[in-house]
Amino acid sequence: MIYDAYITLAVPAPMTETAKRLSQAFDPDVGGYLAFEREATDATGKVYAVYGTPCESSFAAAMAYLQSDPQALLDSTARDYAVRWPDDPLPTLAEVTQFCADLKMSYVYGIQAGMEEIGLTLIS
Amino acid sequence: MIPSATIATILAPIPLARRAQAILRKYGGSLFAPSQATCWQDSAGTTPGAQDQPVGKLTCSVGSGLYASQSSSGYRPVLRKGAKNWVLNSATLATQSVTVPNVPMTLSIYGTGSITLSGTGSGTLNGTGAGNRVSLTFTPTAGSCTFTVTGSVTSAMLETGSSVSAYVATTTVPLSNSIGPWWLDFDGSDDRLNLSAVPLQLSDDLFIVSGNRYLSGVATQATLGIGGPSPYPNVGTLGYSGSTPRVTYRDSASGIAIIVSDTSTLAQAIVQSTRKQGTEKVLRINGGQKGETDNTVLGAATLSAASIGAYGTGGSSFFGGAIYAIALGKGAITDSELKIVERYIGQLSGVSL
């Protein structure tokens with residue numbers, strides 16, 4: 001596995017649990033659920049849960065596609081859950097659809113640069 | 001008759017590494033020295049570590065069985081060796097912005113074009129020819145620095161410090177040039193490795209030695225944090241306040257001891273150490289004591305977690321910069337033994353003591 005890309009993700013704070021469940025499937029290691037534990041605000045003071053991670057360029061490309069197709073994102077997540085997390089609850093299609101609608105992404109290298117591009121500032 | 005060559009071998013000083021590792025074993029210690037031999041890309045330790053790739057597990061080099069790991073991909077430091085090139089697609093440079101720390105940085109290029117800095121940095125670097133390398137050292141404020149390219153600029157390298165290192169070509173992510181010590185690149189935002197057990201308690205006599213170079217991060221950072229939840233007891237937390245090295249000890253009540261160095265060491269590799277014997281606690285930088293000896297009597301502390309690159313419970317005090325090596329042990333280490341361990345950590349950090 002060669003990490004040759006970077007992705008920064010941000011969702012409004014109320015979507016944190018959905019983001020963590022999806023991250024549990026995205027992350028090839030076992031700690032995906034631990035993601036989205038830092039918070040940032042935009043210019044209006046709205047709070048976001050943020051996460052930045054090195055990744056393969058293929059994953060970065062896939063995320064762009066999956067954001068446009070919540071059903072495909074949910075199907076992809078369900079396939080991983082069936083293998084690795086069979087006892088954990090999947091997010092619903094409504095939750096995933098809302099996640100996709102609210103998700104902000106950056107592909108610049110590093111979480112600080114990514115948040116700057118998205119227009120967010122870390123607060124915790 | 002014993003051949004003279006054999007006698008020379010017998011009399012030759014035992015290598016520093018062996019002496020230091022023997023001392024660490026004597027005190028039941030651990031040594032975390034990142035390299036391809038000690039790092040793994042995943043937290044389970046199945047994929048060997050690789051230069052410029054994230055580190056999911058770091059194993060102890062002296063056989064203590066302790067390890068540090070991170071199971072969440074986004075919280076991992078990156079394994080580097082030598083100088084890191086911060087610009088991307090460096091072979092033929094295009095205009096780009098780079099998030100930089102508030103430290104001296106050096107930009108070097110070949111070609112006949114020029115680069116103009118804006119944003120958090122300023123200055124202009126004019127090329128003098130395809131075969132000539134020219135450089136510009138500048139100190140930006142922290143944040144996004146834009147490098148605007150005009151004409152032909154090739155083999156560009158942006159690195160911390162005031163000197164020019166061997167060029168390394170980058171494409172989509174920063175890379176290091178393989179010339180120099182191994183180190184872990186912590187982003188100062190959320191990177192940390194969690195230790196598999198709490199190695200020290202506040203009641204112990206102990207020592208901790210950290211080879212590191214601070215670049216950026218939150219107001220107070222920990223290169224090694226051993227602590228617990230609120231009110232955040234901790235033991236020998238070596239880190240920084242701003243760019244000034246410090247160490248803290250805190251019990252589970254109100255007792256706290258903080259020793260702060262009298263000098264900033266921004267962007268310099270240093271060997272930072274602390275020793276506690278009884279109530280006596282000291283901070284040492286590059287082999288010499290800094291600040292006053294602290295004899296605060298501390299009470300009991302419940303310590304539940306330890307992290308490299310953050311406070312012990314992992315959710316704060318994120319360190320931004322390089323960690324070359326960390327050694328720790330339990331017991332009343334002597335002055336001469338501590339100096340040997342410090343010299344060895346210095347050797348691993350590119351610091352001559």
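A:Asp29 and B:Arg76 form a salt bridge in this predicted model. Their closest N and O atoms lie 2.3 Å apart. The count of salt bridges between chain A and chain B is one.

**Interface between chains A and B**

- The two chains show 15 residue pairs in polar contact, both residues at pLDDT 80 or more.
- On the side of chain A that touches chain B, strand E3 (47–55) and helix H5 (111–118) each supply at least two residues.
- Contact involves 26 residues of chain A and 26 residues of chain B.
- About 2,000 Å² is buried between the chains, with 45% of it on carbon and sulfur atoms.
- Within chain A, the most area is lost to chain B by A:Tyr3, A:Arg38 and A:Tyr109, together 30% of what that side buries.

**B:Thr223, a buried strand residue**

- B:Thr223 sits in strand E18 of chain B, which spans residues 220–227.
- B:Thr223 counts as buried because its relative accessibility is 0%, against a cut-off of under 20%.
- The side chains of B:Thr223 and B:Ser210 are joined by a polar contact of 3.2 Å.
- Beyond neighbours within four places in sequence, the contacts of B:Thr223 include B:Asn212, B:Leu238, B:Tyr240, B:Gln272, B:Phe319 and B:Ile326.

**Nonpolar surface patch on chain B**

- B:Ile256, B:Ile258 and B:Val260 make up a nonpolar patch on the surface. Together they have about 220 Å² of accessible area.
- B:Val260 belongs to strand E21 of chain B, residues 256–260.
- At 38% relative accessibility, B:Val260 counts as partly exposed.

Methods
Residues numbered from 1 in each chain as written. Chains lettered and ligands numbered in written order. Predicted model: local features only at pLDDT ≥ 70, side-chain atom pairs only at ≥ 80, totals over all residues. Heavy atoms only, no water. Helix = DSSP H or I, 4+ residues; strand = E, 2+ residues; numbered from the N terminus. Buried < 20%, exposed > 50% of the residue type's maximum accessible area, 1.4 Å probe, protein only. Polar contact = N/O pair within 3.5 Å; in protein donor to acceptor, adjacent residues only side chain to side chain. Contact = heavy atoms within 4.5 Å. Patch = residues over 30% accessible without salt bridge, like charges linked within 9 Å, V, L, I, M, F, W, Y side chains within 5 Å. Areas by Shrake-Rupley, 256 points an atom, 1.4 Å probe, with all protein chains shown as cover. Salt bridge = Lys/Arg side-chain N within 4 Å of Asp/Glu carboxyl O. Buried area = accessible area lost by both parts, 1.4 Å probe.
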